[in-house]
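Q: I have a structure open and would like to go through it piece by piece. Can you take my questions as they come?

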Amino acid sequence: MMKLHDLLLQKRPAILEKWFQAALETYPADTSRFLRREKDRFANPVGHAISYGMEGLLDQLFDGNDSAKVSSLLDDIVRIRAVQDFSPSQAIGFIFTLKRIIRDVLQSEIRSGNASAEELFALEARIDSMALASFDIYMGCRETIYELKATQVKNATLKLLERTNLLTEMPEHEPDSNDDSDGK
Amino acid sequence: MGALVSFFAVVVLVAIVFVGVEAANLRYLFGVIIPYAALITFIAGFIYRIVIWARSPVPFRITTTCGQQKSHPWIKNDILDNPHSTIGVIGRMLLEVLLFRSLFRNTRLELRNGPKLAYEWEKWLWLAGLVFHWSFLVILVRHLRFFTEPVPVLIQALEGLDAFFQIGLPALYLSDAVILAAVTYLFLRRVLIPEIRYISLAADYFPLFLIFGLVLSGVLMRYFVRVDVVAIKELAMGLVAFRPSVPEGINVLFYIHLFLVSVLFAYFPFSKLMHLGGVFLSPTRNLANNNRMERHTNPWNYPVKVHTYEEYEDEFRDKMKAAGLPLEKE
Amino acid sequence: MSDIPEGTPKPEQLAQIRYKPPRRGWMDKPVELKKGTYCYSARSKFMEYLNLPNAREWNPTEGDWKLPADWKQTILDGMRERLTRFRSFRLFMDICVRCGACADKCHFFIGSGDPKNMPVLRAELLRSVYRNDFTAAGKILGRIAGARELTVDVLKEWYYYFYQCTECRRCSVYCPYGIDTAEITMLGRELLNLVGLNIGWTIEPCANCFRTGNHLGVQPHGFKDSIDFAVDELEEITGVRVEAPINKKGAEILFIAPSADYFASPHYYTLLGYLALFHEIGLDYTWSTYASEGGNFGLFTSHEMIKRLNAKMYAEAKRLGVKWILGGECGHMWRVVHQYMDTMNGPADFLEQPVSPVTGTRFENAKSTKMVHITEFTSDLIKNNKLKLDPSRNDHWRTTFHDSCNPARALGLFEEPRYVIKSVCNNFFEMPPNTIREHTFCCGSGAGLGNDENFEMRMRGGLPRANAVKYVNEKHDVNILLCICAIDKATLPVLMQYWVPGVEVGGIHEMVANALVMKGETKRETDMRGQPLNNAEEKEHV
């Protein structure tokens, strides 16, 4: 019986490919092709963040256990999805998809008992914790958005707020006062 | 959808001429009348479109600057990508028209995996577009041999160059092979890349099919189906001399070729193919970025309602006075 | 997804939403206004103040947009008129071959993936109607020729997508025919204006600017108060009391900056920079309360509005009797000044060709318009050694430069700002080459889109820019993004806080002020932001 770790390393390219594909499928068809095709990380930041992030996450999942690194990789992906047209469940659903993909890829090994169920459960538990972490990140991103919306109003008028009564209110317009306000 | 419509349109065109020539024996129609009509339509339509464009003024000098402006003498001005003089504009336009400068601009730096630097070749569209247009021009010029007697040396030289590799007999023209490849690429690109398919209209596929049919019929005549070249030249010379006659024994393939080219010419002024003329008129490219050096005038510049200083001071005079700001009227 | 889930659906099932490729072509897909991605409508009082048509209260999310009864004829007539007035418009409607070179060049497409954000399709929204009503092929062949009828749905689509274009002109760099989507968007917005479809974030500043001379509606005494306040603050930092003349007749130079410079942060530090610089070189200049705004939201509204708001610059220069005009750090103001002002409101024959009073340099490139960009002016000062600079005072900044769209692609102002930055900062790092100069990515919030309701769209559109900043932030520890545009300074800080926390945003003349050694100054303890400077002793230990 092969150790799950070795199996995973062997199947890593297939897992990565399927996972990336699954994430792209959450975008409209025209977009997903662009995200896949365009290789330049500056011309295609979304596609780059997803593929680069997923590679790193698999490394961490299989070999590393650096929670700071995991957070930063998750952050790269989730931060983008938090401002795109996704509901929260769609935005972080790609993490859960990984469980299904690993099971699919290892299907025959699992059936034949080649993959240890315990090891698999342990792996899935770690994926779950990634999902929990990404939920925190998602919420953090949304909170940031609300905070930024509030503070940018403050910044835009910072120096004015320090002193008051400098703004003029546009007078409510009545049809017959039209000529007055135009200064004629 | 657009592709299918266009494909069948071209098939129908071929069928029309086939039936017309073979069944109805309308050789004079397809050999003389339609080519003349197409040419007249092309010339009149082309001029009409240019006149329509030219009649609209260029109210503002809006260039797209793609390089350093002319300012201090110690800063090097990018004369081709941001010209400030007529010479520069001519240079920019030559680059644009002859070498498709803007399409070439996609230099990309790939930094995807690790720190390794690699420049990606992102020039397929540029390359295909360039060889397509150049080979079309070469083919067009080559065809002048049918309309001239004796054939000018320049055209003969061009033919020699085009058949440089001396492959097969008759020698394969490079331009024939290249244009087929380029048209195929441009078509496949439109069909296979989703965002390009999404934006493509029937009007984008139609010229591609038309040109493909045109080239194919020409290639068949030259390399595979023997046609009576002497008779064809007789017909062509007759057209040029305005003494049209239709010699016997010309293969229907020739009429198909001639009809497709007639359709292309007649269709030209009413389609996007007018970019041939339009590219020369594009204000973002054919104007000098000398906006602050020389005043550009707008023929329809009309007076607008503004808020004058007097109106402004009238509204805020008291506050200005209290703040110690100078006033026009106390 | 046809199997019925047992019990509660699992998260992965919820996430398995597959977006079908749009089976029907784009023409039949009605627009859907999604929260966070569209702009609110303009209030009627501002519309009325500017005498704009169809002023009323309305809401884009409601079905009824309260259009005038003859809206369709109005739009078509408006199109006809503009086709005869703008060669660019007619040409750009006719010659596009849909090659797709522009498709992936738009920051909104890159960040959002919405196919209608591809520049070619944005233009096709208008072209389809043009073909239907103005071309023979469209009238005869209809759909096959890519024509479609103008309907309320089409109009809504225009509203959504023409206010989802920041007019940054990046796509026009790559177009083989030089088609300028910004111009198409501008004319599209003009058409929308004809039936009263305006957004609040452009019309309110326009109305304020028309009345008080600046976008925020700061009155003359308020303007003076702001400048006085800045003079006090500059004295606290430098120990030097500067003069800041306002509405002074007979000054040599009229200085016009975007109004954000004197009320918003971080623009304000750039204002301190102007004041310090002008004092140090003894410039005979004046501010103006009437022309207290360089920015011109008319550019995002209509050509007529550009002219109405811009007129005050020359009018005020004439009234004050100055010789020429100097313009501050602003992006779209410079597009207006460079490409429209002289044509619309010139000729400026009452002014003189600009000559730097300090170096004697004649600004040949501004001899007709008679307005000089501040970085052209300052780079000339530095080149001629007229400034005493201590760039080590900026050593706490590791800088990069964002080419703002308009100075980049409407002027080609690339080297002047870089020369100034490199002269006043020791640490300068360029972002990757396909994201700067003429290839520069927009902040994602220009052209009137920098409002709160559009926040998600702004974050998406700003991603390509932020991504390039992140790269130099990780590689070179860049901690400030310098720019010469007031909209950038207003919107890039939030973009950075979201995508690249830890990177600040600043202006070039803020850096100039930090480095500028002034006569009679006290020992500089802080930079313009009031942040303590590391003194020399400390630096040696670091």
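Q: Take contacts in chain B between residues at least 6 apart in sequence: what share joins residues at least 24 apart?
A: In chain B that share is 63%. Bear in mind that this is a predicted model.

Q: What secondary structure does chain B have?
A: Chain B has 13 helices and two strands.

Q: And how does the radius of gyration of chain B sit against a compact globule of 330 residues?
A: Chain B comes out at 28 Å, whereas a compact globule of that length would be near 20 Å. The C-alpha trace of chain B spans about 100 × 55 × 45 Å along its principal axes.

Q: How much of chain B is buried?
A: Of the 330 residues in chain B, 33% are buried.

Q: Now the contact between chains B and C. How many residues does each chain put in?
A: Chain C contributes 88 residues and chain B contributes 74 residues.

Q: Which helix gives the most on the chain C side?
A: Helix 14 of chain C, residues 303–320, gives seven residues to the side that touches chain B.

Q: Staying with chain C, what domains is it divided into?
A: Domain 1 of chain C covers 26–198, and domain 2 covers 205–534. Their C-alpha centres lie 31 Å apart.

Q: How many residues does each domain of chain C bring to the contact between them?
A: Domain 1 of chain C brings 25 residues and domain 2 of chain C brings 28 residues.

Q: Which helices of chain C supply the domain 1 side?
A: Helix 2 (44–49), helix 5 (107–112), helix 9 (170–174) and helix 10 (181–194) of chain C each supply at least two residues there. The largest share, five residues, comes from helix 5 of chain C. By type, the side of domain 1 that touches domain 2 of chain C splits into 12 nonpolar, eight polar and five charged residues.

Q: I have my eye on Gly188(C). Where is it found?
A: Gly188(C) is in helix 10 of chain C.

Q: Why does Gly188(C) count as buried?
A: Gly188(C) counts as buried because it has 24 C-beta neighbours inside 10 Å, and the cut-off is 20 or more.

Q: What is Gly188(C) in contact with, leaving aside its neighbours within four places in sequence?
A: Gly188(C) is in contact with Leu126(C), Trp158(C) and Phe162(C).

Q: Change of topic: what is the strand order in the open sheet of chain C?
A: The order is 5-6-7, three strands with parallel pairing. Strand 5 (399–401) and strand 7 (504–507) of chain C are the edge strands, each pairing on one side only. From one strand to the next the twist averages 35°.

Q: How many bridges join strand 6 to strand 7 of chain C?
A: Four bridges join strand 6 (residues 480–483) of chain C to strand 7 of chain C. Leu482(C) stands opposite Gly506(C) in strand 7 of chain C.

Definitions and conventions
Residues numbered from 1 in each chain as written. Chains lettered and ligands numbered in written order. Predicted model: local features only at pLDDT ≥ 70, side-chain atom pairs only at ≥ 80, totals over all residues. Pairing = 2+ DSSP bridges. Axes fitted to C-alpha atoms, helices over the stretch in contact; angles between N-to-C directions. Rg over C-alpha atoms; globule rule 2.2 N^0.38 Å. Buried ≥ 20, exposed ≤ 12 C-beta atoms within 10 Å, placed from the backbone. Contact = placed C-beta atoms within 7 Å. Domains from an automatic or database assignment. Nonpolar A, V, L, I, M, F, W, Y, C, P; charged D, E, K, R; others polar.
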